[in-house]
Amino acid sequence: RDDARIRRIGVHEIRDATATIVSDDPDSRSVVILSGDLIFLSRVKAAAEANDFEFLAASSITDQSSAAWVILDLATCSGAIDDLMEQCASVCPSANVLAFGPHVQAAKLEKARQACIPTVITRGQFDRSLATLFQK
C-alpha cells in the first residue's frame, strides 16, 4: 500500500482514483443515480442492493432526502452538473456525491470538478469500484 497515493477530503477517501466513500448519516439508505444508461443501471442497482441500499434511478434529486449516495452519469445527464451540489446541499446534505464519465470526455469530467462535485472519476474506475463502493 502506497500511502502517498491516498488523500482524504472530508469523509471521502480516494485510493488510486477509485472512490471509497462512507456516509456519515446512518439513516440514509438509498442510492440515487441520474443516468440514462439502462444497461449500466442494472449493475449499479445490483451493487447497491447487495449492500442493503434502496436503489432509485431518477431524473432529479428533489424529494430524495434519504439519499446516502447521489451519483451522476456525465455521459447521459451532464446537464445536471451546474445545479447538483446546490440541490444536494438543500435536499440531502449528508449524501455522498459522485460523478463519473468516459475518460475521453475530459471536458465533462473537468466541468464536474469545477462544479465542486467531491468525487469525479472515469466510468472505468466507477465500474471497477462497484463491488466495494457501497460497503461500510
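This passage describes the fold of a predicted single-chain model and the surroundings of several of its residues.

Residues are numbered from 1 along each chain as its sequence is written, and side-chain values rest on heavy atoms, with hydrogens and water left out.

The chain contains 5 helices and 8 strands, where helices (H or I, at least four residues) and strands (E, at least two) are DSSP runs numbered from the N terminus. Read along the sequence, these elements follow the pattern β-β-β-β-α-β-β-α-α-β-α-β-α. Of the 136 residues in the chain, 43% are buried; here buried stands for under 20% relative accessible area, exposed for over 50%, and partly exposed for values in between, with a 1.4 Å probe and protein chains only. The accessible surface of the chain comes to about 7200 Å², of which carbon and sulfur atoms contribute 49%, as computed by the Shrake-Rupley method with a 1.4 Å probe, only the protein chains shown counting as cover for residues. Among contacts (heavy atoms within 4.5 Å) with a separation of 6 or more, 66% join residues 24 or more positions apart.

An open sheet is built from 5 strands in the order 5-4-6-7-8, with parallel pairing; two strands are taken to pair if DSSP finds at least two bridges between them. Strand 5 (54-57) and strand 8 (119-122) form the edges, each pairing on one side only. From one strand to the next, the twist averages 20°, with axes drawn as lines fitted to C-alpha atoms, for helices over the stretch in contact, and angles running from 0 to 180 degrees between N-to-C directions.

Helix 1 (residues 38-50) packs on this sheet, where it touches strand 4 (30-34), strand 5 and strand 7, and its direction makes about 160° with that of strand 5. Helix 4 (residues 106-114) likewise packs on the sheet, touching strand 7 and strand 8, and its direction makes about 170° with that of strand 8. Strand 7 (residues 96-101) pairs with strand 8 in the parallel sense over 4 bridges, and within this pairing Ala99 has Val120 of strand 8 as its bridge partner.

Strand 4 is mostly covered, 5 of its 5 residues being buried. In a regular strand the side chains alternate between the two faces of the sheet. In strand 4, Ser30, Val32 and Leu34 point one way and Val31 and Ile33 the other way, and all are buried. Strand 4 pairs with strand 5 in the parallel sense over 4 bridges, with Ile33 standing opposite Ala57 in strand 5. The chain passes from strand 4 through helix 1 to strand 5 in a right-handed β-α-β crossover, that is, with the strands pointing away from the viewer, the path from the first strand over the helix to the second runs clockwise. Strand 4 also pairs with strand 6 (residues 67-73) in the parallel sense, over 5 bridges, and here Val32 stands opposite Val70.

Thr76 lies in helix 2 (residues 74-77) and counts as partly exposed because its relative accessibility is 40%. Leaving aside its neighbours within four places in sequence, Thr76 is in contact with Ser35, Gly36 and Asp37; Asp37 is 39 residues from Thr76 in sequence, yet the two are 7.0 Å apart from C-alpha to C-alpha. The side chain of Thr76 reaches the backbone nitrogen of Gly36 at 2.8 Å and makes a polar contact with the side chain of Asp73 at 3.3 Å. A polar contact is a pair of N or O atoms within 3.5 Å; within protein, one must be able to donate a hydrogen and the other to accept it, and residues adjacent in sequence count only if both atoms are side-chain atoms.

Gln125, placed in helix 5 (residues 123-133), is buried because its relative accessible area is 15%, and its side chain reaches the backbone nitrogen of Thr122 at 2.8 Å.

Two residues other than glycine have positive phi values. Asp52, in the loop between helix 1 and strand 5, has phi near 65° and is exposed, with a relative accessible area of 64%. Cys116, in the loop between helix 4 and strand 8, has phi near 70° and counts as exposed at 58% relative accessibility.

Key. This is a predicted model: local features need pLDDT of at least 70, side-chain atom pairs count only at pLDDT 80 or more; totals for chains, interfaces and linings use all residues.
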